[in-house]
Amino acid sequence: MEKKSGTKAGIQKFGAYLSGMVMPNIGAFIAWGLITALFIPTGWLPNERLAEMVGPMITYLLPLLIAYSGGKLVYDHRGGVVGAAATMGVIVGTSIPMFLGAMIMGPLSAFLIKKIDGLFEGKVKSGFEMLVNNFTAGILATVLAILAFYVFGPVVEALNNFLASGVDAIINLGVLPLVHLFVEPAKVLFLNNAINHGIFTPLGAQQAAEAGKSIIFMLESNPGPGLGILLAYMFFGKGLSKASASSAAVIHFLGGIHEIYFPYILMKPILIVAAMAGGAAGTLTFSLLNIGLNAAPSPGSIFAYIAMTPKGDFFGMFLGIIVAAAVSFVIAAAILKASKQDEGDMEGAVSKMEEMKGKESSVRSTLTSSAKNYKDVHKIIFACDAGMGSSAMGASILKKKVKEAGISDVDVTNLAINNLPSDVDLVVTHKDLTDRAEKMVPGAIHVSVDNFLGTTKYDDIVEDLKKSKM
């Protein structure tokens, strides 16, 4: 069980790293998508001069931003600069948008400059540090850019073309809906950002650059399947799951925070069938009507979908989402109605979920055994994969409870799990991410929840804080 859990945590960490290179730059992707949708000849406001920005943005700006972000993850700003400079080699040396090349060159270059800095550490005479630092970075970036131009670029271009041709073949064969057999389970295991931003966004951007739009942007982000499941809980759920489903549906569909419906599936895993069927039905509808988006809709909100939909595709876009939600709802409703098990509230499903995920029930013991240390808690951080959405909502709820309790010396914030600082005192995560959080900050108190919105553990945290500070 520990090996399985460790493997899953490793996959999640790698996935979070991939998405960590793209997610900080989603605003730039959206800007490119809006400029494309507005100003190309078939856009809403055709403008030949302004449309000249489309090519340079996807060829240079977006790959360089990804490379910098990847390098920064490895070695802060210095790694980002070297990574971006080296990536110019694969950009200039190839004829396609080099997202994949940027995701390789950025981290690789940062890793190498980090190792080189380690070799020179403590060996440079005083006063020459800046000279050595600047020239080692510049020389390495030059060498890597040349290698990228002649070696890495052609290899990555061949790999990129292979992946793109594979996607095109799947689309042409009409089996694209089958992708949801893998996408939906992976999403619920908190690989959603890795799949969407680490894989689909780069591939979709390349396809959109050639065709003006791409259905790939819609594979993971379609809000229909999750909406259908939440609607089913609203009508046929029980306890806290039923009571919280309506607010979760609003946050999911309008706010685009898909993580909000994952606990509802984890509580009754057979519901993954509803998500897979809904996703496949939506994608089939998009495929039959030749629907696509200009750029990645992030977050996956209906408003983002509207903004990224090209002129003429609105009917098909809405229909695909409605079909996905309807199919998901019908199947989820049938499952919930046929279930003889009394769900109670979401907290009552924790033990079953722990068994399903191969983890022991250390969550409760962690909370209770750590209560004696709550007097030292001054910084509480809610952590999720992206540091937005679900963790932000959880932090807002706890912050309000802490304020109402009159506790003034405790700061509550939210961050991406990869950015957890070493001085955090208490970390709140979804239980599927707790293993990673514990490894990153082993000295902190760790509290796991199964739903950032519907949980009684916030009250327990506040009560422990009040007792410890009396």
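Trainee: Which residue forms one aromatic cluster with Phe-235 and Phe-236?
Mentor: Quick heads-up: this is a predicted model, so local features need pLDDT of at least 70 and side-chain atom pairs pLDDT 80 or more, while totals for chains, interfaces and linings use all residues. Residues are numbered from 1 along each chain as its sequence is written, and side-chain values use heavy atoms, without hydrogens or water. Rings of Phe, Tyr and Trp (its six-membered ring) pair if their centres lie within 6.5 Å; planes under 30 degrees apart are stacked, over 60 edge-to-face, the rest tilted. The cluster with Phe-235 and Phe-236 includes Phe-329.

Trainee: How many aromatic pairs turn up, and what kind of pair are Phe-29 and Phe-99?
Mentor: Searching the whole structure gives eight aromatic pairs. For Phe-29 and Phe-99, the ring centres are 5.6 Å apart and the planes sit at 35°, so the pair is tilted.

Trainee: How many residues apart are Phe-29 and Phe-99?
Mentor: Find the helices, which are DSSP runs of H or I with at least four residues, numbered from the N terminus (strands are E runs of at least two). Phe-29 sits in helix H2 (residues 26-39) and Phe-99 in helix H4 (residues 99-120). That pair links distant parts of the chain, at a separation of 70 residues.

Trainee: Is Phe-99 buried or exposed?
Mentor: Buried means under 20% relative accessible area, exposed over 50%, and partly exposed in between (1.4 Å probe, protein chains only). Phe-29 has 1% relative accessibility, so Phe-29 is buried. The relative accessible area of Phe-99 is 1%, so Phe-99 is buried.

Trainee: And what kind of pair are Phe-235 and Phe-236?
Mentor: Phe-235 is exposed because its relative accessibility is 55%, and Phe-236 has 28%, so Phe-236 is partly exposed. Their ring centres are 6.3 Å apart with planes at 45°, so the pair is tilted.

Trainee: Where is Asp-76, which has a positive phi?
Mentor: Most residues other than glycine have a negative phi. Asp-76 isn't a glycine, yet its phi is about 55°. Asp-76 is exposed because its relative accessibility is 52%. You'll find Asp-76 in helix H3 (residues 54-92).

Trainee: Where does Asn-290 sit, given that it also has a positive phi?
Mentor: Asn-290 isn't a glycine either, and its phi is about 55°. With 54% relative accessibility, Asn-290 counts as exposed. Its place is the loop between helix H10 (272-288) and helix H11 (302-308).

Trainee: Which residue in S2 is the bridge partner of Cys-384?
Mentor: Strand S1 (residues 379-384) pairs with S2 in the parallel sense, over six bridges. The partner of Cys-384 in S2 is Ala-416.

Key: Two strands pair if DSSP finds at least two bridges between them.
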